[in-house]
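The questions below ask what lies behind the terms used for one protein model. Each answer sets a value against a rule.

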Amino acid sequence: MPEIIRGGFHHIDLNVTDLAASRRVYGTLLEFLGYTQVKDQGGYEWDLRIGEGRGASLGLLQCAPAEAGHRHHRYAPGLHHLAWRADSREDVDRLYALLVERGIKVLDPPAHYPQYSGDYYAVFFEDPDGMKLELVFAPGWI
């Protein structure tokens with residue numbers, strides 16, 4: 001039986017207003033990180049397989065039509081942002097270049113953030129609904 005990482009995330013599903021526009025952002029990020037798209041009807045889903053019975057999944061679902069006029073507000077109750085791990089500073093820089101190449105909105109280009117932890121290096125960007133996303137290299141922190 002494979003080792004299960006108790007307490008680790010199994011999956012995250014996000015409601016989005018425009019599936020195609022969100023797929024462009026999340027597909028760029030997740031495929032860069034080694035996720036594989038496993039669903040493309042009625043929404044999108046990407047899986048990261050670490051081993052049998054282990055990994056993570058992120059899905060995009062069409063939001064309810066009555067909610068389509070709302071943007072994400074990261075300072076309201078709910079999710080502030082999502083962050084993924086990078087292998088190195090160069091990994092962060094490579095994603096940044098890909099984001100710029102694909103016209104994805106960058107909030108803050110790669111930089112060192114010692115106020116978060118000594119070696120914290122990250123790029124911050126945004127999905128079409130205003131959700132803040134991050135790729136971070138922070139060795140020694142979690």
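This is a predicted model: local features need pLDDT of at least 70, side-chain atom pairs count only at pLDDT 80 or more; totals for chains, interfaces and linings use all residues.

Q: What makes the contact of R71 and E126 a salt bridge?
A: The term asks for a side-chain nitrogen of Lys or Arg within 4 Å of a carboxyl oxygen of Asp or Glu. The N to O distance between R71 and E126 is 3.5 Å, so the pair meets the rule. By this rule the model has 4 salt bridges.

Q: Why is the pair R71 and E126 said to tie parts together?
A: R71 is in the loop between β4 and β5, while E126 is in strand β7 (residues 121-126), so the pair joins parts 55 residues apart in sequence. Strands here are DSSP runs of E with at least two residues, helices are runs of H or I with at least four, and both are numbered from the N terminus.

Q: What makes R71, K105 and E126 a network?
A: The three residues are linked by salt bridges. Besides the pair R71 and E126, the side chains of K105 and E126 meet at 3.4 Å, N to O. K105 lies in the loop between α2 and β6 (106-112) and E126 in strand β7, so this pair ties together parts 21 residues apart in sequence. K105 is partly exposed, at 49% relative accessibility.

Q: How do you know that R94 and D91 are about one helical turn apart?
A: Both are in helix α2 (residues 89-101), 3 residues apart, which means a separation of about one helical turn. D91 is buried at 8% relative accessibility, whereas R94 is partly exposed at 47%.

Q: What makes a group of residues a nonpolar core?
A: The members are buried Ala, Val, Leu, Ile, Met, Phe, Trp, Tyr and Cys residues, joined through side-chain atoms within 4.5 Å. The largest such core has 27 residues, and Y26, L58, L60, W84 and F125 touch the most other members. Its largest share, 5 residues, comes from α1. Another core, of 6 residues, lies apart from it and includes Y113, A122, V136 and A138.

Q: Which residues is L58 in contact with, leaving aside its neighbours within four places in sequence?
A: Contact means heavy atoms within 4.5 Å. With those neighbours left aside, L58 is in contact with I12, L14, Y26, L30, Y44, E45, W46, L82 and W84.

Q: What makes a space a pocket?
A: On a 1 Å grid over the protein atoms alone, a pocket is an open set of points with protein on both sides within 12 Å along at least five of seven lines, whereas a cavity is a set where a 1.4 Å probe fits but cannot get out. Lining residues have an atom within 4 Å of a point. Points are joined across faces, edges and corners, and the volume is the space filled by probe spheres set on them. The largest pocket has a volume of about 1400 Å³. It is lined by 36 residues, of which F9, Y35, A56, W84 and R85 are the closest to its centre.

Q: How is the lining of the largest pocket divided by class?
A: Ala, Val, Leu, Ile, Met, Phe, Trp, Tyr, Cys and Pro count as nonpolar, Asp, Glu, Lys and Arg as charged, and the others, Gly among them, as polar. The lining then has 21 nonpolar, 8 polar and 7 charged residues.

Q: What is the volume of the second largest pocket?
A: This pocket holds about 350 Å³ of space. Among its 15 lining residues, N15, H70, R71, H72 and D129 are the closest to its centre.

Methods:
Residues are numbered from 1 along each chain as its sequence is written. Side-chain values use heavy atoms; hydrogens and water are left out. Buried means under 20% relative accessible area, exposed over 50%, partly exposed in between (1.4 Å probe, protein chains only).
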